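Let's take a walk through a protein model together. Keep the sequence and the 3D view open as you read, and find each residue when it comes up.

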Amino acid sequence: MSAQTKVLAERLLATRIESIRVVLRRVTVDAGAGARIEHAVRRASGRRVGWSDLAESAGEAVTVVPSETVATGARARDRLPGQDSRFPERADPVLGNPEPVRAVPGRHAGGAYLVVSGYGNARISAVSVKRPAVPPGLVVVDKAPGMTSHDVVAKVRRILGTRKVGHAGTLDPMATGVLVLGIERATKLLGHLAMDTKVYLGTIRLGAATTTDDAEGETLSEMDASGVTDDAVHAGIGKLTGDIMQVPSSVSAVKIDGKRAYARVREGEQVEIPARPITVNRFDVLSIRRAGAVVEIDAMVDCSSGTYVRALARDLGADLGVGGHLGALRRTRVGPFDLRVARTLEQLEENPGLSLDLDESVATAFKRYDVDERQTAALRYGQRIPAAGVQGTYGVFDPDGHVLALATDEGAVARPIVVLAPAG
């Protein structure tokens, strides 16, 4: 291996990509080729890699393979005039192997690559970077303000290098905190996760009502809230605790005749959403601050799924006669997942990986039922097994401790809802 080849391999290894293949002739790395290789690696890995970054050793990661391995990725419009439909080639005068004759970015089965060679002395034929397979599991993100839940999904897709990413429940752009994402096969869990309780820290502002019931909406009305006493605040919060009926915000994600409420509002429609039952387990006042005509209440809310904290702020302000809206919101827990296992997107980009693998995810979110080898074989084919005697949806694990499926009892048998480790 030449010195230039070793340096190239070391720099590519610094990206922490599992499999790297470099197609080589006589190697000459100039500044232009280096920049293009950096770009190719960045596209493939989603990481910023400086050309000066080095790993300790190239090891066996670099092999010499025929350049036609990547040549089939060329498109017809990349051909030079008069050349055939295959990638344009020329015999190397020393090695006699085919050599690409122009730069063509593209993709092939091995991953992203960039051809940077041509006639003469350019001797880096191609760089091929293949991602390792992404394991299934959950990523718990501590969402930053200003991002939609879909924005987070798109970012995580790029960081982890997979399209199979989904989220369990939405979090408003203004809000921060816990957002649970399913990766690969774990996306099948999202509709079944036990996320019936959520915990929030929020700031309620009394003295103004807004179009969205939060700080991002336009002001509808303003009133002096300085006369609202602490006792009145506690009494109003008491009315919003327990099993109550709540009208969701008009710009919520609730569907009305198959269309999201917020989409109808954007189109100028007047939206009326019927009240629905929710449960507020705890609505604790942490502090009350006063600044002129405004009263700010910091509170902790432990509630059922489907509860809108901004609607609680709206209803508290309306009950006190001064109007109210949500000034800030942070979700600290969703079901069994809290901020202790959450990472910011910046932390995830620095160290890509799962918060919990598939086995840990199911063991954390569901009751557990262990089966023997015979029942394991049956479940892998989606067959029913004897009932576990467990109420609700539970995770079924094989003798080695790996999750097989989610199941539920139906009489004397257990019916698999989602088979996570099918046969074959």
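Arg310 is buried, with a relative accessible area of 6%; "buried" means under 20%, "exposed" over 50% and "partly exposed" in between (1.4 Å probe, protein chains only). Before going on, a word on the model: it is predicted, so local features need pLDDT of at least 70 and side-chain atom pairs count only at pLDDT 80 or more, while totals for chains, interfaces and linings use all residues. Residues are numbered from 1 along each chain as its sequence is written, and side-chain values use heavy atoms, with hydrogens and water left out.

Back to Arg310, which sits in helix H7 (residues 309-320). Helices here are DSSP runs (H or I, at least four residues), strands are runs of E (at least two), and both are numbered from the N terminus. What does the side chain of Arg310 make a polar contact with? Its partner is the side chain of Asp172, at 3.3 Å. A polar contact is a pair of N or O atoms within 3.5 Å; within protein, one must be able to donate a hydrogen and the other to accept it, and residues adjacent in sequence count only if both atoms are side-chain atoms.

Now look at how H7 meets another helix. The axes of H5 (residues 230-239) and H7 come within 10 Å and cross at roughly 125°. Axes are lines fitted to C-alpha atoms, for helices over the stretch in contact, and angles run from 0 to 180 degrees between N-to-C directions. H5 and H7 are therefore oblique to each other; angles under 35 degrees count as roughly parallel, over 145 as roughly antiparallel, 65 to 115 as roughly perpendicular and the rest as oblique. On the H5 side, the contact (heavy atoms within 4.5 Å) is made by Ala232, Val233, Gly236, Ile237 and Lys239, and on the H7 side by Leu316, Asp319 and Leu320.

Next, head over to helix H9 (residues 358-365), whose buried residues are Leu358, Asp359, Ser361, Val362 and Ala365. Seen down the axis of H9, these fall within an arc of 165°, so they line one face of the helix; the arc is that of the directions from the helix axis to the C-beta atoms. They pack against several strands, including E7 (137-143) and E24 (403-410).

Last stop: Ala378, in helix H10 (residues 373-380). Ala378 is buried too, with a relative accessible area of 14%.
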